[in-house]
Amino acid sequence: MTATIPGRRYASEDDPRVILEEQVGVFEPVPPFPPRTEREAEFYTLGDGEMFLNMGPQHPSTHGVLRVVLKINGEVVTDLDPVLGYLHRGVEKLCENADYHQAICYLDPLEYVSSLFCEWPAVMAFEKLLDVEVPRRAEYIRVLSGELLRVASHALFMGWMALDLGGLTPILWSFIERDEIVEMLGSLTGARMLFNYYRIGGVNGDLNHEFMSRLGDWMTRATEQHEANVRLLNENEIFVRRMRGLGQVDRETALRMCMTGPNLRAAGVPFDVRRSHPYSVYPELDFDIPTRDEGDCLARYLLRLDEVKQSLRIIDQCLHQMPDGPVIAKLPRLLRPRPGRAYAAVESPRGQYAIYGISDGTDQPFRMRIHDPSFVHLQSVGLLMPGHLIADTMAVMASLDPIMGGVDK
Amino acid sequence: MDRALRRRIEARFGEVLTGPVRQRHDETELRLAPGDVTTVMRALHDEPDLRFRFLADLCGVDTGLVMQVVYHLWSDSTPDWLRVIADGLPRDDPRVPSVTFLWKGAEWMEREAYDMFGITFEGNRDLRRIYMPPDYTSFPLRKDFYLADDAARSPGAGVRHMERTHAPRNATKTSLLRHAKGA
């Protein structure tokens, strides 16, 4: 007989299956208390022929642990209420109790798909607080690694997007592409996913031979591989017809919903933090900001493919313009910035990623606000979904590309 | 740093500002009383020479003495980030008007500030907890909420997980709130 845990009930002496006293993992869509707000009362009141459908928190295509309560009429979604907090770790509070160097490594697991973009605004904000000049080579290395990761993140987006619609091949292709980039960055930073590479005043290490040879190898076929990725889905009639006109958002609404990044540009607003509010060495680099006017899921998907092309251009320029010199400014181990406030934002693959830091003169940030674009984008699902089918919820959500690690902080 | 923006803001909002307009790096900062938030934000959003159409961030801040709500705005009329600080919200009942009438997307950011600081945004139609469970009673990002550091306050000792209402013995004494009024 197999070992049993005391206190548990088993089916029988021979059958080691545990009998659970109560059913676990069942989520009632309606909260067990009276509504607290106007909106909650409105949502949890059923109209004629409507019912609730609980989706998640362990849904394979919610990109993390997200629960969405759908109000449906037949198969048409009339309203929805996302329930967050399953991944909430209180990173802001942890950062307030860590010193400036330690705070940076708490930020990596937020947007785990593009974690360099979480560190970047933080080091920028701290550099502003400290009035540090970053060496130019370090800035170029930051841009280079950042843009590489943007390509990887958008590749993965393409795969997820297709996977949520039921296509299995693209995710395999995109993981091949992502793995090459991630291995490359792994040889630069020492980690494959949570890099912790940017430091206050520069980066952790200079470019090395292994990274450069991997990068050169990848660059020779990157454009070709990108075009193959484009061909994979862009001419797929099922994909295109399903995505066109789905989850449409216009310019004014996109601005009103505080959207940023590809989702805003797909609605026709050419707002890109790299150009609108230049940081690092982006003013010296030549690239375009692609926009699209349709504002539907297909536009959001196509726009990200266009962005990959621009990222490849930037990577190429970085390699040609990379100056020599130190990669990190000389700073003491224990940093005590003067009391003050600093706001720094970067253009992450998902939009404006920003950190707002307040220093009170001690070695720990007094307050560190993390602004995550996924969080802001996820709330517009409620605006885009009404009138579409249940199965399209995942398509719309995937096209906004939220990462739950960042949404829940 | 956009000096012209500072002059424009001082000329336009001079009488409602509660402190000098400060500029550092690429940020311009203005402070006002919470009662003026609606009119100033509407003016910043609508007036053709300001045109701050884009709300970059909204967050709460607990200074230990007062609460603040901090807005970051961006406009194509200036290269600066504009930081608007609604200052001097009392810690026992912080209230500020909601900006959801201009930016619907501020709704969740306000919910987050309510969840973490207990700041009530008047006019937000969905002001409930967003990260913490609905029956949670503390406000974790307040300065009088201490991180768990010993087993004496663990769930095993009867203290609810992560719900901390008592300061360590050596901490300075501050008043503590269990519930924000309303919502």
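Me: Which element gives the most to the lining of the second largest pocket?
Reply: This is a predicted model, in which local features need pLDDT of at least 70 and side-chain atom pairs pLDDT 80 or more, while totals for chains, interfaces and linings use all residues. Residues are numbered from 1 along each chain as its sequence is written, chains are lettered from A and ligands numbered from 1 in written order, and side-chain values use heavy atoms, leaving out hydrogens and water. At least two lining residues come from each of α4, α5 (136-164) and β8 (340-348) of chain A (helices are DSSP runs of H or I with at least four residues, strands runs of E with at least two, numbered from the N terminus). With four residues, the most is given by α4(A).

Me: Is α4(A) largely enclosed or open?
Reply: Buried means under 20% relative accessible area with a 1.4 Å probe on protein chains only. Because 14 of the 15 residues of α4(A) are buried, this helix counts as largely enclosed by the rest of the structure.

Me: Which residue takes a positive phi just after α4(A)?
Reply: Helix α4 of chain A covers residues 116-130. Just beyond the helix, a positive phi of about 55° is taken by A:Asp131.

Me: How many bridges join β2(B) to β5(B)?
Reply: Strand β2 (residues 27-32) of chain B pairs with β1 (residues 22-24) in the antiparallel sense over three bridges, where pairing needs at least two DSSP bridges. With β5 (residues 81-89) of chain B, β2(B) runs parallel, and B:Arg31 stands opposite B:Ile85. The number of bridges joining β2(B) to β5(B) is six.

Terms used:
The expected span of a helix is 1.5 Å times one less than its number of residues. Buried means under 20% relative accessible area, exposed over 50%, partly exposed in between (1.4 Å probe, protein chains only).
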